Every structure is written in C-alpha cells, then in structure tokens.
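Have the sequence and the model ready.

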Amino acid sequence: MTGNNHLDLDKTVYHQVIGCSLVLVMLFGLGHNIYLSAGDPFSGRTPSTHPATALGFLILAGAIFFRPQWDNSIWLKGILCWLMVLLSGLRIAEALFPDQITVYTDSWLPQSLEAVGMYGRFSIETALFLVCCFGFELSQERHTFVRLLLVSVCLAVLSLGFAETVYSLFLWGNELSMITQIGMGLVSLDLLVRMRNQPPFKSVLQPGRSNFYLQFTALALYLLPMIIGTVALHKLQVSPSEKAPFELFFAGTSCVLLAIVLLLGTYLDRKKPPENAW
C-alpha cells in the first residue's frame, strides 16, 4: 500500500470516527431530552439537547462522515446549510427582539415539545455556533479570511460554553447541556483539522518538538483563566444571578491569551529559516 493510500485510509477512518461519535452524542442528547429533561421537583428541569440543535449537529455529522460526497452535492449542501442558518438565525433574532419574535420561547413549538416530555432549550450560544459552522460549510476554500473568522467565533462560543459548564458544575449546579458541549467540541476539532495548514493555526497544530511547547503553552493559558475564575468566584461567593459578566470576562480572557499564543507562533514560524538554508 502506497503512502497516498495510507493517507486516504487515515482520512476515511478519521471522518468515520468523528461522524459516528457526533451521531451517538446527539442521539444520546435526544434520549436525555425525552426521558430526563423534566428533572424532579427538587432540582427542576435539567439542561438537554433541543431537537433543532440535534438536527444541526446530525447534518454536520453526515457532512463529516460523507465528506467527498457532501462537497460534491452542491444543491443538497446548500439547502441543508441555509435551512440551519435560517433556523439558528431565527433564534438569535428572537434573543435580540424578544417582544416581536417568540418562536422558540413562547409558541406552539415549545408547547408541543413539552407535551411529549422534551424540555431542552435552544440556547443562543448553540445557535451562533451553528450559524458559524454552516457558514463555514457554505464558504469556499479561497475565502480564507472568512473561514478563519468563522472558526474563531466557533472557538469563542465553545470557550464561553466551557466556562459556563465549568462554573455551573463547581459553583452553581449544572445549568448547561454538557451533551451539546461535547458535540461542539467534536465539530470544532474537525474545523481545526481542516484549517491546520492555515496561519495562525498552522504554527500550533503542526507536529514537532518546538510546536509541542507552543501547544502546551496554548493549552495552559487557555485553561488558566477558567481555573482562576472558579477559585475567585468561589471565594467571592457570587450568586448565580450575577454570574454572566464573570463568565464572559474569564472566557474572553482565555480567548485573548489563546489568540496571543497563536499570533506569537505565527511570528516565530515566519522567522524560521528555510529547511534547505543550511
């Protein structure tokens, strides 16, 4: 078997693993929504995966699993992507104009879902994440800046969601669906793999001993504000009603530090001498 065949096999296995994992996570999320989202009289309703969220991630799972066919199916790809952009955009518009738009919060849709025992909510973070993911799918490879911007927003949303999850688990009780967070993580991994040869991600994601230290630094600086925030908020005894600004601050700090490491890695990568310089 040639090197190209090995590479093709590795890509196929990677797409299958990520795609199947995402499908399993979303099916588990839907099952959780149906059977466990109602919670109990003491703890109340538990966060769970909304059907619109599951639909978006299942489409992304199919796109990852059948990547070559997906890229060649222009019409199907366009219809499904624009459908999810509209559904997710509607949720964002609802958050901006709550008095005029109430599709996901106070209409026949949530009432119908609650009638069958599904109490999961379509969060704004998830809607923004899906808009960026399907915008990425609609963009072309030559639109490098647009793709980098969309991936950066996805990572920022993932950071905010991760901060909310960490603080909810350790400080205020679980208020966010970890199942959806796992789905976001899998999709973000796929986006990073697809953009691994583009700066600023190239400097961190390429193999090598020097890049290992850069990867360790990026991970440490990304997690450090989360850890400091958890300890500080625990000491300050911040109430759940006042948590949003702190979550945004510490998640934003993580993103800024990560961006600095990526820019530094890009700078050092450009300063490296060519391989044939000696």
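Q: Which elements each supply at least two residues of the lining of the largest cavity?
A: This is a predicted model, where local features need pLDDT of at least 70, side-chain atom pairs count only at pLDDT 80 or more, and totals for chains, interfaces and linings use all residues. Residues are numbered from 1 along each chain as its sequence is written, and side-chain values use heavy atoms, without hydrogens and water. On a 1 Å grid over the protein atoms alone, a cavity is a set of points where a 1.4 Å probe fits but cannot get out, and lining residues have an atom within 4 Å of a point. Helices are DSSP runs (H or I, at least four residues), numbered from the N terminus, and those asked for are α2, α6 and α8.

Q: Which helix gives the most to the lining of the largest cavity?
A: The lining includes Leu60, Cys133 and Arg194. With 4 residues, the top giver is α8.

Q: How many charged residues does the lining of the largest cavity have?
A: Asp, Glu, Lys and Arg count as charged. Among the lining residues are Arg67, Glu137 and Asp190. By class, 5 are nonpolar, none is polar, and the charged ones number 4.

Q: What is the volume of the largest cavity?
A: Grid points are joined across faces, edges and corners, and a volume is the space filled by probe spheres set on the points. The structure holds 2 cavities of 30 Å³ or more. The volume of the largest is about 40 Å³.

Notes
On a 1 Å grid over the protein atoms alone, a cavity is a set of points where a 1.4 Å probe fits but cannot get out, and a pocket is an open set with protein on both sides within 12 Å along at least five of seven lines; lining residues have an atom within 4 Å of a point.
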